[in-house]
Amino acid sequence: MSLLNRRDFVHHAGLGASSLALTGLVGLPARAKDAAPPSERVNLAVIGVRGRGGQLAKDFARRSDSHVAYLCDVDTRLLDSRATAVEQEQGKRPETVDDFRRALDDPQIDAVVIATPDHWHALATIWACQAGKDVYVE
């Protein structure tokens, strides 16, 4: 059995999320009782948690092979409710920040999910790549 690398994981997760959106299904299956060990989980930062970003954060939190470690949004009013929703899914509350560069500075973060308004996609993607992170951007 071959293991997915981080880039393949983000690619496959994106395809899965897209297929769910297209079929109209509401959510992913409940998180497995026997979660993957931390060494086999992708640590994520979700950048932009209004709307689609909030849903992606919950979807990734449900997966046993990922861990949402950061939620990032300039609108700090959103962060508490989105962090609570992620905590209910994965059992651990993510750190919340209003400047996503703090998440990029964390060496424990493997990949970022960018769900910001379109005009922020390029800059956030470039900075994440420069920080050595894998990127999934919508």
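Which residue follows H5 with a positive phi? Gly132 does, with phi near 80°.

This is a predicted model, in which local features need pLDDT of at least 70 and side-chain atom pairs count only at pLDDT 80 or more, while totals for chains, interfaces and linings use all residues. Residues are numbered from 1 along each chain as its sequence is written, and side-chain values use heavy atoms, without hydrogens and water.

**View 1. The aromatic pair of Phe100 and Trp127.** Rings of Phe, Tyr and Trp (its six-membered ring) pair if their centres lie within 6.5 Å; planes under 30 degrees apart are stacked, over 60 edge-to-face, and the rest tilted. Phe100 and Trp127 are tilted, with 5.8 Å between centres and 35° between planes. Phe100 lies in the loop between strand E3 (95-97) and helix H4 (101-104), and Trp127 in helix H5 (residues 118-130). Helices (H or I, at least four residues) and strands (E, at least two) are DSSP runs, numbered from the N terminus. Phe100 is buried at 12% relative accessible area, whereas Trp127 is partly exposed at 28%. Buried means under 20%, exposed over 50%, and partly exposed in between (1.4 Å probe, protein chains only).

**View 2. The salt bridge of Arg52 and Glu138.** A salt bridge is a side-chain nitrogen of Lys or Arg within 4 Å of a carboxyl oxygen of Asp or Glu. Here the closest N and O atoms are 2.9 Å apart. The partners, in helix H2 (residues 52-62) and in the segment after E5, are 86 residues apart.

**View 3. The salt bridge of Glu89 and Arg62.** The closest N and O atoms are 3.2 Å apart. Glu89 is partly exposed at 25%, and Arg62 is buried at 14%.
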